[in-house]
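Dear colleague,

I am handing over the structure below, and after it I set out what was found in it. Please read the notes with the model open beside them.

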Amino acid sequence: MSDDVPVTHPFRFGLVAAPRGTGEQWIATARRAAGYGFGTLLVPDGLALHAPMPALAVAATAVPSLRVCPFVLAAPLRSPRAVAWEAHSMSALTHGRFELGLGTGRPQAAEEAAQLGMPWGSGAQRLDRVRETVAAVRALDPDRRIPLLIAAAGPRALALAAAEADVVTLAAPPATP
């Protein structure tokens with residue numbers, strides 16, 4: 001980056017941390033993240049962990065300077081309206097420190113969908129669910145623009161992310177060259 005290029009957006013670092021253990025342990029993790037200078041605490045979505053929204057609410061309450069975000073909610077595991085309701089509540093209760101992370105779900109989430117009694121669907125159906133969820137979030141409170149992170153890999157998901165997201169994360173396996 002040359003000296004003549006102005007920085008137009010603040011740069012923040014986020015930490016992805018698995019919400020496990022006791023409330024005290026989770027609060028200590030959130031405080032350590034803030035102490036190390038991370039601006040956002042992100043939590044994965046998986047049935048082996050604490051549920052993302054309550055974990056994020058606890059972290060946001062314990063560390064008022066920290067932004068919080070699920071990384072990322074698997075859209076097939078929840079109804080679009082339920083996500084919109086929770087996202088709106090989180091944004092209001094954290095004074096706008098909540099960001100919503102959405103995606104079609106990692107392949108292992110198909111089993112979790114079955115455990116929750118939710119249909120998994122094809123890739124196109126799961127992407128439609130992400131699109132419906134974004135629309136529900138935007139429609140619930142058009143005046144409060146909740147920052148949106150979308151995890152995307154394929155061309156259609158990347159196009160949706162480019163059109164709707166404030167932050168895009170490229171969804172790829174760890175060993176991808």
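**Cavity, pockets and helix contacts**

β5 (100-103) and α5 each supply at least two residues of the lining of the largest cavity, where helices (H or I, at least four residues) and strands (E, at least two) are DSSP runs numbered from the N terminus. This is a predicted model, in which local features need pLDDT of at least 70 and side-chain atom pairs count only at pLDDT 80 or more, while totals for chains, interfaces and linings use all residues. Residues are numbered from 1 along each chain as its sequence is written, and side-chain values use heavy atoms, with hydrogens and water left out.

To stay with the cavity, the structure holds one of 30 Å³ or more, and the space in the largest cavity is about 30 Å³. On a 1 Å grid over the protein atoms alone, a cavity is a set of points where a 1.4 Å probe fits but cannot get out, a pocket is an open set with protein on both sides within 12 Å along at least five of seven lines, and lining residues have an atom within 4 Å of a point. Grid points are joined across faces, edges and corners, and a volume is the space filled by probe spheres set on the points. The cavity is lined by Leu100, Leu102, Thr133, Val134, Val137, Arg138, Ile146 and Leu148, and α5 gives the most to this lining, with four residues. By class the lining has six nonpolar, one polar and one charged residues, with Ala, Val, Leu, Ile, Met, Phe, Trp, Tyr, Cys and Pro counted as nonpolar, Asp, Glu, Lys and Arg as charged, and the others, Gly among them, as polar.

The largest pocket holds about 740 Å³ of space and has 29 lining residues, of which Val72, Gly105, Arg106, Ala151 and Ala171 lie nearest its centre. Helix α5 (123-140) is again a contributor, as are β6 (148-152), α6 (155-164) and β7 (167-170), each with at least two residues, and α5 gives the most, with four. The lining of this pocket divides into 18 nonpolar, seven polar and four charged residues. Val72, in the loop between β3 (67-70) and β4 (73-74), is joined to Phe71 by a cis peptide bond with omega of about -10 degrees.

The second largest pocket has a volume of about 300 Å³, and its lining consists of His9, Pro10, Phe11, Arg12, Glu99, Pro147, Asp166 and Val167.

Turning to the helices, the axes of α5 and α6 (lines fitted to C-alpha atoms over the stretch in contact, with angles from 0 to 180 degrees between N-to-C directions) come within 10 Å and cross at roughly 10 degrees. The two helices are therefore roughly parallel to each other, a term for angles under 35 degrees, with over 145 counted as roughly antiparallel, 65 to 115 as roughly perpendicular and the rest as oblique. In their contact (heavy atoms within 4.5 Å), Ala124, Leu127, Val130, Arg131, Val134 and Arg138 of α5 meet Arg156, Ala157, Leu160 and Glu164 of α6.

The axes of α1 (residues 23-35) and α2 (residues 52-62) come within 9 Å and cross at roughly 60 degrees, which makes α1 oblique to α2. Trp26, Ile27, Ala30 and Arg31 of α1 make this contact with Ala55, Val58, Ala59 and Ala62 of α2.

With best regards
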